[in-house]
Amino acid sequence: MRDYDIIVIGGGHAGIEASSAAAREGFSTLLVTQSLDAIGRLSCNPAVGGLAKGNLVREIDALGGVMGHLIDSSMIQYRILNRRRGPAVQAPRAQADKFTYSRNAKELLEHTQNLSLFMDTVTDLLVENGAVTGVVTQRGWKISARAVVLTTGTFMDGKIFIGEYEEACGRLGESAAIGLGSSLRRLGFDVGRLKTGTPARVRRSSLDFDELEVQPGDEEILPFSFDYDTVDRPRLDCYVTWTNGETHRIIRENMHRSPLYGGRIVGKGPRYCPSIEDKVMRFPDRDRHQIFVEPEGVNSEEMYLNGLSSSLPEDVQHAFIRTLPGLRHCEIMRPAYAVEYDYLNPMDLYPSLESKILSSLFVAGQTNGTSGYEEAACQGLVAGINAALKLRGEEPLILKRTEAYIGVLIDDLVTKGTKEPYRMFTSRAEYRLSLRHDNADLRLTRIGYEKHSASEEKLARLEKKMDDMSSLRSTLREYRERGKNGLELLREPEVTISSLSAKLPSVLSYAPAIRSEVELDVKYEGYLRRQEAEAQMFSRKENMMIPPDFDYDALRGLSAESREKLKQIRPVSVGQAQRISGLRVSDIALLMMGLKAKK
């Protein structure tokens, strides 16, 4: 087996972004995955995007990643969520044809220059002088590399649970990756266990759609990728139903058969995406829970029961699912199940996602304790870019909390860690009004180009967009009505770009995305100015860098607990140090004094 510059372990959403990013940077890259047919699988919900998650996908695209292209080429329903609320909390979400998505992902990687695909299981890492130098596979291959990106998803020592049944799997019907978790423990990594789950799939032709509420998609589709303006895809409806008292009674009476409540599952599950048994037990006063019935593909009979994940036995699942309106005679094609897997403590990573324990090893995705395709993909992109930048001898890509949701996610992980699957929310971002999904390219494409990830064509499209936005602003500025120009009129709550276009038809010559972005920028100008001032104050401490070899033991007055936290996390800046849980204001003051004294 030949040697490579960069090896990526795992073919999920993090692995796709990491391997394609490394290859785009011009380095010979190998993606090792247990199954070439499982690349890019939408293991749980066949959808991409959502609140905050849609922002992540657009940021991935702005930086040169591929997830936006993959969902645009496979979507079967599109919606903007939170339309009735402010732009800071709106986000796109698309239902995917999961088979098309996975096929397109595999074909994209197969046609990526500098990238090779190899089907095997990595069981160990090759290490010399504190740095990773390659991998060992189950079939005995030893493959060398100058950097390795670890993206194992739920497969590292994965185990699935369906009532009394359990098996070593990363997904139902797919073997777990055995051996690598033990190797990482031997190398000194802090390895924990987490749990997630997925609902049953039911046969479309067995449903009674007269009893289901129809949930159509939006008529107007805004592509996730900034590379084009329109999407032409088949469109399917989703549906809504509800649990009821009978559903809850069956679940409560069989709770003793749940591996989650029987203590056989030790990993902590996602707080914000609980199983149906969790919902029933934690919210006893709720008489019903909403369930979304969503298609898995254009030509597939399988329908996904969003909100009904479970690890109860199959006979119990059959009983409670058939209490739901529209599903009383349903045929269950795949059971719900829970999966427990190994993850690594993300506080053992630098903000570049490089390991502090093993040089040249980068870690991304659910291996870092996150939950969701989008959270995995954005980490994979950053890890792949930074593995390549390390080989170039250049500074890593580290996005600030003021710049991107990706920056918020990575900073949260490496500074605070996580004891449960981490999910991105708009509320986690302090500067969310500036981090809208529509302006991700304005924030990040130039950064991506400078880090060799975003192409010249993508940069040219950004510059064209900026010119168009400037031109539209000029057009509005020249228009006069009631003693005000168009920009001043647009600041009034009742005036919209659409109402102005009726009197100023030239506005309609600009693309809808341009019109929308200019309107939002104008209407929220005051808020954005205030947020920008706050961001500048935030950046001052972010720019106060801490040398990697800073001696915290020399800081007199620090508590033993604070000193240990600083030594473990090794913050790169005073700003990051300030966000470490448990550090006091006085600790930060002592740190700043120590840094000034060192100068």
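**View A. Ser 225 and its surroundings.** The side chain of Ser 225 gets to within reach of the backbone nitrogen of Asp 227, at 3.1 Å. That is a polar contact, meaning a pair of N or O atoms within 3.5 Å; within protein, one must be able to donate a hydrogen and the other to accept it, and residues adjacent in sequence count only if both atoms are side-chain atoms. This is a predicted model, where local features need pLDDT of at least 70 and side-chain atom pairs count only at pLDDT 80 or more, while totals for chains, interfaces and linings use all residues. Residues are numbered from 1 along each chain as its sequence is written, and side-chain values use heavy atoms, with hydrogens and water left out. Ser 225 sits in the loop between β16 (213-215) and β17 (238-242); helices (H or I, at least four residues) and strands (E, at least two) are DSSP runs, numbered from the N terminus. At 1% relative accessibility, Ser 225 is buried. Buried here is under 20% relative accessible area, exposed is over 50%, and partly exposed is in between (1.4 Å probe, protein chains only). Leaving out neighbours within four places in sequence, Ser 225 is in contact with Arg 58, Asp 61, Gly 68, His 69 and Asp 72, where contact means heavy atoms within 4.5 Å. Asp 468 is 243 residues away from Ser 225 in sequence and 18 Å away in space, C-alpha to C-alpha.

View B. Strands pair if DSSP finds at least two bridges between them. β4 and β5 (residues 91-96) run antiparallel and are joined by 6 bridges. Look for Gln 77, which stands opposite Gln 95 in β5.

View C. Ala 52 has a phi near 70 degrees, a positive value in a residue other than glycine. Ala 52 lies in the loop between β3 and α2 (53-62) and is buried, with a relative accessible area of 0%. Arg 482, also not a glycine, has a positive phi of about 55 degrees. Its loop runs between β23 (480-481) and β24 (484-485), and Arg 482 is exposed at 55% relative accessible area.

**View D. Inside the nonpolar cores.** A nonpolar core is a set of buried Ala, Val, Leu, Ile, Met, Phe, Trp, Tyr and Cys residues joined through side-chain atoms within 4.5 Å. The largest one has 94 residues, and Ile 6, Ile 7, Leu 125, Leu 184, Leu 361 and Ile 406 touch the most other members. Helix α9 (residues 373-392) supplies the largest share of this core, 12 residues. Not counting residues up to four places away in sequence, Ile 6 touches a list of residues including Phe 27, Leu 30, Val 149 and Leu 391. A second, separate core has 24 residues, among them Phe 320, Ile 321, Leu 327 and Cys 330.

View E. Counting pairs of cysteine sulfur atoms within 2.5 Å as disulfides, the total is 0. The sulfur of Cys 169 is 16 Å from the closest cysteine sulfur, in Cys 44, too far for a bond. Cys 169 is buried, at 3% relative accessibility. Cys 273 is in no disulfide either, and the nearest cysteine sulfur, that of Cys 44, is 6.5 Å away. Cys 273 is partly exposed, with a relative accessible area of 47%.
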